[in-house]
Amino acid sequence: VEMAEASVCCGAAGSCSVAEHDSSMKLLWRKMRAVAATETSVVATANPGCMLQLSVGLREWGLAGRVCHVVDLLDEAYGLGGA
């Protein structure tokens, strides 16, 4: 399921989450509203910075689920995880 505004930044943007913390958190909250609306249990991304930021978002919003890299998700889908 693709979330609304999937292309909108999560707020990590390299060092943005540190250098521009307030702006970063505003973007994250916007992204987390979109994540919550999907009612998904897995958020997939290809960006390691986004993985960290979205993990913080899940925890702060109290949402169940996990963040994973798209390649790991494909690995699981093909039944290769842990094999």
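Reader: Which element gives the most to the lining of the largest pocket?
Author: In this predicted model, strand 1 gives the most, with 4 residues (strands are DSSP E runs of at least two residues, helices H or I runs of at least four, numbered from the N terminus). Helix 2 (21–38) and helix 3 (48–61) each supply at least two lining residues, as does strand 1 (42–45).

Reader: And which residues lie nearest the centre of that pocket?
Author: Of the 18 residues that line the largest pocket, V1, M3, A6, V43 and A44 lie nearest its centre. A pocket here is an open set of points on a 1 Å grid over the protein atoms alone, with protein on both sides within 12 Å along at least five of seven lines, and lining residues have an atom within 4 Å of a point.

Reader: Switching topic, what is V35 in contact with, neighbours within four places aside?
Author: Once those sequence neighbours are set aside, V35 is in contact (heavy atoms within 4.5 Å) with M3, V43, L58 and L63.

Reader: How many aromatic pairs does the structure hold?
Author: It holds 1 aromatic pair, for which the ring centres must lie within 6.5 Å. The rings are those of W29 and W61, with centres 6.2 Å apart and planes at 80 degrees, so the pair is edge-to-face (planes over 60 degrees apart).

Reader: Where do W29 and W61 lie?
Author: W29 lies in helix 2 and W61 in helix 3, so the pair ties together parts that are 32 residues apart in sequence.

Reader: What conventions apply?
Author: Residues are numbered from 1 along each chain as its sequence is written, and side-chain values use heavy atoms, leaving out hydrogens and water. Local features need pLDDT of at least 70 and side-chain atom pairs count only at pLDDT 80 or more, while totals for chains, interfaces and linings use all residues.

Terms used
1 Å grid on protein atoms, 1.4 Å probe; cavity = no way out; pocket = protein on both sides within 12 Å on 5 of 7 lines; lining within 4 Å. Phe/Tyr/Trp six-rings, centres within 6.5 Å; stacked < 30°, edge-to-face > 60°.
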